[in-house]
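Trainee: Please take one part of this model and look at it closely. I would like the salt bridges, then the strand pairing and the packing.

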Amino acid sequence: VSRIGVFEVNLKTSEVQWDDRMVEIYGLTEEPDATTWERALHPEDRRKATAKVEDSIFRNRDFANEFRIVRGDGEIRHLRGRAAPYVDTTGAPRLIGANWDVTDDVRLQEELKHAKELAEARNAELETARARIEYIALHDHLTGLPNRRYLDAAIEEAAQEAQKTGQRLAVLH
(Lines give C-alpha, C1' and ligand atoms only; values in the text may rest on other atoms or scores of the structure.)
Protein backbone atom coordinates (compact mmCIF):
# COMPACT_ATOMS: atom_id res chain seq x y z
CA VAL A 1 0.00 0.00 0.00
CA SER A 2 2.79 2.43 0.89
CA ARG A 3 4.75 1.62 -2.30
CA ILE A 4 7.93 1.66 -0.20
CA GLY A 5 10.52 -1.07 -0.65
CA VAL A 6 12.49 -2.33 2.35
CA PHE A 7 15.99 -3.79 2.36
CA GLU A 8 18.55 -5.13 4.83
CA VAL A 9 22.26 -5.74 4.31
CA ASN A 10 24.65 -7.72 6.47
CA LEU A 11 27.74 -5.49 6.23
CA LYS A 12 30.05 -8.31 7.33
CA THR A 13 28.90 -10.99 4.84
CA SER A 14 27.39 -8.66 2.17
CA GLU A 15 24.20 -10.75 2.26
CA VAL A 16 21.21 -8.68 1.11
CA GLN A 17 17.49 -9.09 1.62
CA TRP A 18 14.98 -7.14 -0.45
CA ASP A 19 11.23 -7.30 -0.16
CA ASP A 20 9.01 -7.73 -3.23
CA ARG A 21 8.46 -3.97 -3.61
CA MET A 22 12.23 -3.34 -3.83
CA VAL A 23 12.54 -5.99 -6.54
CA GLU A 24 9.62 -4.34 -8.37
CA ILE A 25 11.10 -0.82 -8.06
CA TYR A 26 14.39 -2.00 -9.54
CA GLY A 27 12.67 -4.06 -12.26
CA LEU A 28 14.60 -7.20 -11.36
CA THR A 29 13.90 -10.67 -12.70
CA GLU A 30 16.51 -12.40 -10.50
CA GLU A 31 17.27 -12.31 -6.79
CA PRO A 32 19.35 -9.29 -5.72
CA ASP A 33 22.91 -9.77 -4.51
CA ALA A 34 25.51 -7.55 -2.84
CA THR A 35 26.27 -5.67 -6.08
CA THR A 36 22.74 -5.22 -7.44
CA TRP A 37 22.18 -1.78 -5.94
CA GLU A 38 25.48 -0.34 -7.08
CA ARG A 39 25.16 -1.84 -10.58
CA ALA A 40 21.68 -0.31 -10.92
CA LEU A 41 22.84 3.22 -10.02
CA HIS A 42 22.85 5.76 -12.83
CA PRO A 43 26.49 6.39 -13.82
CA GLU A 44 26.19 10.13 -13.04
CA ASP A 45 24.88 9.41 -9.51
CA ARG A 46 27.06 6.44 -8.58
CA ARG A 47 29.93 8.29 -6.87
CA LYS A 48 27.70 10.59 -4.80
CA ALA A 49 25.23 7.88 -3.73
CA THR A 50 27.87 5.33 -2.74
CA ALA A 51 29.94 7.97 -0.91
CA LYS A 52 26.88 8.93 1.13
CA VAL A 53 26.28 5.31 2.14
CA GLU A 54 29.93 4.64 2.96
CA ASP A 55 30.26 7.85 5.00
CA SER A 56 27.08 7.13 6.96
CA ILE A 57 28.17 3.56 7.72
CA PHE A 58 31.61 4.81 8.79
CA ARG A 59 30.01 7.44 11.08
CA ASN A 60 27.31 4.97 12.18
CA ARG A 61 24.54 7.47 11.42
CA ASP A 62 21.12 7.35 9.81
CA PHE A 63 21.00 8.98 6.39
CA ALA A 64 18.80 9.99 3.50
CA ASN A 65 19.83 9.52 -0.10
CA GLU A 66 18.47 10.54 -3.48
CA PHE A 67 19.65 8.96 -6.73
CA ARG A 68 18.64 7.59 -10.11
CA ILE A 69 18.73 3.98 -11.16
CA VAL A 70 18.67 2.29 -14.55
CA ARG A 71 16.18 -0.54 -14.24
CA GLY A 72 16.61 -3.94 -15.87
CA ASP A 73 14.38 -2.76 -18.75
CA GLY A 74 16.55 0.35 -19.29
CA GLU A 75 14.10 2.81 -17.77
CA ILE A 76 15.61 5.54 -15.59
CA ARG A 77 13.83 6.04 -12.28
CA HIS A 78 14.40 8.57 -9.48
CA LEU A 79 14.51 7.12 -5.96
CA ARG A 80 14.72 8.46 -2.45
CA GLY A 81 15.81 6.40 0.48
CA ARG A 82 16.40 6.37 4.20
CA ALA A 83 18.67 3.91 5.95
CA ALA A 84 20.27 3.28 9.32
CA PRO A 85 23.22 1.13 10.37
CA TYR A 86 22.85 -1.05 13.45
CA VAL A 87 24.39 -4.11 15.12
CA ASP A 88 22.17 -7.21 15.40
CA THR A 89 21.95 -9.58 18.36
CA THR A 90 24.84 -11.71 17.02
CA GLY A 91 27.10 -8.65 16.81
CA ALA A 92 26.97 -8.41 13.00
CA PRO A 93 26.87 -4.88 11.57
CA ARG A 94 23.82 -4.34 9.39
CA LEU A 95 22.13 -1.65 7.35
CA ILE A 96 18.36 -1.44 7.16
CA GLY A 97 16.44 0.97 5.00
CA ALA A 98 13.68 1.82 2.61
CA ASN A 99 13.53 3.17 -0.94
CA TRP A 100 10.61 4.68 -2.81
CA ASP A 101 10.14 5.79 -6.39
CA VAL A 102 9.71 9.56 -6.80
CA THR A 103 10.05 9.68 -10.59
CA ASP A 104 6.59 11.18 -11.11
CA ASP A 105 7.31 13.91 -8.54
CA VAL A 106 10.65 14.73 -10.16
CA ARG A 107 9.09 14.88 -13.63
CA LEU A 108 6.32 17.16 -12.34
CA GLN A 109 8.91 19.47 -10.76
CA GLU A 110 10.86 19.56 -14.05
CA GLU A 111 7.67 20.38 -15.98
CA LEU A 112 6.78 23.14 -13.51
CA LYS A 113 10.30 24.57 -13.75
CA HIS A 114 10.12 24.52 -17.55
CA ALA A 115 6.67 26.16 -17.51
CA LYS A 116 7.96 28.86 -15.14
CA GLU A 117 10.97 29.56 -17.37
CA LEU A 118 8.68 29.73 -20.40
CA ALA A 119 6.28 32.10 -18.62
CA GLU A 120 9.17 34.32 -17.52
CA ALA A 121 10.52 34.43 -21.08
CA ARG A 122 7.08 35.32 -22.44
CA ASN A 123 6.66 37.96 -19.75
CA ALA A 124 10.01 39.51 -20.75
CA GLU A 125 8.91 39.51 -24.40
CA LEU A 126 5.60 41.15 -23.47
CA GLU A 127 7.40 43.79 -21.41
CA THR A 128 9.72 44.55 -24.32
CA ALA A 129 6.74 44.79 -26.70
CA ARG A 130 4.85 47.03 -24.25
CA ALA A 131 7.85 49.35 -23.94
CA ARG A 132 8.21 49.45 -27.74
CA ILE A 133 4.49 50.21 -28.22
CA GLU A 134 4.66 52.95 -25.60
CA TYR A 135 7.70 54.49 -27.30
CA ILE A 136 5.99 54.36 -30.70
CA ALA A 137 2.83 56.00 -29.26
CA LEU A 138 4.78 58.87 -27.66
CA HIS A 139 7.38 59.60 -30.36
CA ASP A 140 7.33 60.64 -33.98
CA HIS A 141 8.18 57.62 -36.12
CA LEU A 142 10.18 59.69 -38.62
CA THR A 143 12.29 61.89 -36.33
CA GLY A 144 12.12 59.93 -33.08
CA LEU A 145 11.29 63.17 -31.22
CA PRO A 146 8.60 63.26 -28.52
CA ASN A 147 5.12 64.05 -29.91
CA ARG A 148 2.06 65.89 -28.56
CA ARG A 149 0.86 62.83 -26.58
CA TYR A 150 4.24 62.79 -24.84
CA LEU A 151 3.89 66.50 -24.03
CA ASP A 152 0.34 65.97 -22.68
CA ALA A 153 1.51 63.08 -20.49
CA ALA A 154 4.51 65.09 -19.20
CA ILE A 155 2.29 68.09 -18.36
CA GLU A 156 -0.27 65.83 -16.62
CA GLU A 157 2.46 64.16 -14.56
CA ALA A 158 3.99 67.54 -13.61
CA ALA A 159 0.52 68.89 -12.67
CA GLN A 160 -0.19 65.90 -10.42
CA GLU A 161 3.21 66.29 -8.73
CA ALA A 162 2.64 70.03 -8.20
CA GLN A 163 -0.80 69.32 -6.72
CA LYS A 164 0.64 66.74 -4.30
CA THR A 165 3.40 69.07 -3.10
CA GLY A 166 1.28 72.23 -3.12
CA GLN A 167 3.47 73.92 -5.71
CA ARG A 168 2.37 75.82 -8.77
CA LEU A 169 2.82 74.81 -12.36
CA ALA A 170 3.09 77.09 -15.35
CA VAL A 171 3.39 76.10 -19.00
CA LEU A 172 4.75 78.54 -21.55
CA HIS A 173 3.79 77.67 -25.08
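Mentor: Asp33 is partly exposed, at a relative accessible area of 37%. That class lies between buried (under 20% relative accessible area) and exposed (over 50%), with a 1.4 Å probe and protein chains only. Asp33 forms a salt bridge with Arg39, N to O at 3.5 Å. The term needs a side-chain nitrogen of Lys or Arg within 4 Å of a carboxyl oxygen of Asp or Glu. The structure holds 15 of them.

A word on the source. This is a predicted model, so local features need pLDDT of at least 70 and side-chain atom pairs pLDDT 80 or more, while totals for chains, interfaces and linings use all residues. Numbering runs from 1 along each chain as its sequence is written, and side-chain values use heavy atoms, without hydrogens and water.

Now Arg80 and Glu66. Their side chains meet in a salt bridge at 3.1 Å, N to O. The pair links distant parts of the chain: Arg80 sits in strand β4 (residues 76–87) and Glu66 in strand β3 (residues 63–70), 14 residues apart. Strands are DSSP runs of E, at least two residues; helices are runs of H or I, at least four; both are numbered from the N terminus. Arg80 is partly exposed at 31%. So is Glu66, at 45%.

The two strands also pair directly. β3 and β4 run antiparallel over eight bridges; pairing takes at least two DSSP bridges. Ala64 stands opposite Arg82 in β4. The strands form a hairpin with five residues between them. In that turn, Gly74 has a positive phi of about 90 degrees.

Glu127 is partly exposed, at 41%. Shared partners join Arg71, Asp73, Glu75, Arg77 and Asp101 into one salt-bridge network.

Last, the packing. The largest nonpolar core has 19 residues; Phe67 and Leu79 are among those that touch the most other members. Such a core is a set of buried Ala, Val, Leu, Ile, Met, Phe, Trp, Tyr and Cys residues joined through side-chain atoms within 4.5 Å. Elements giving it two or more residues include β3 and β4. α1 gives the largest share, four residues. Beyond four places away in sequence, Phe67 touches residues including Tyr26, Trp37, Arg77 and Leu79; contact means heavy atoms within 4.5 Å.
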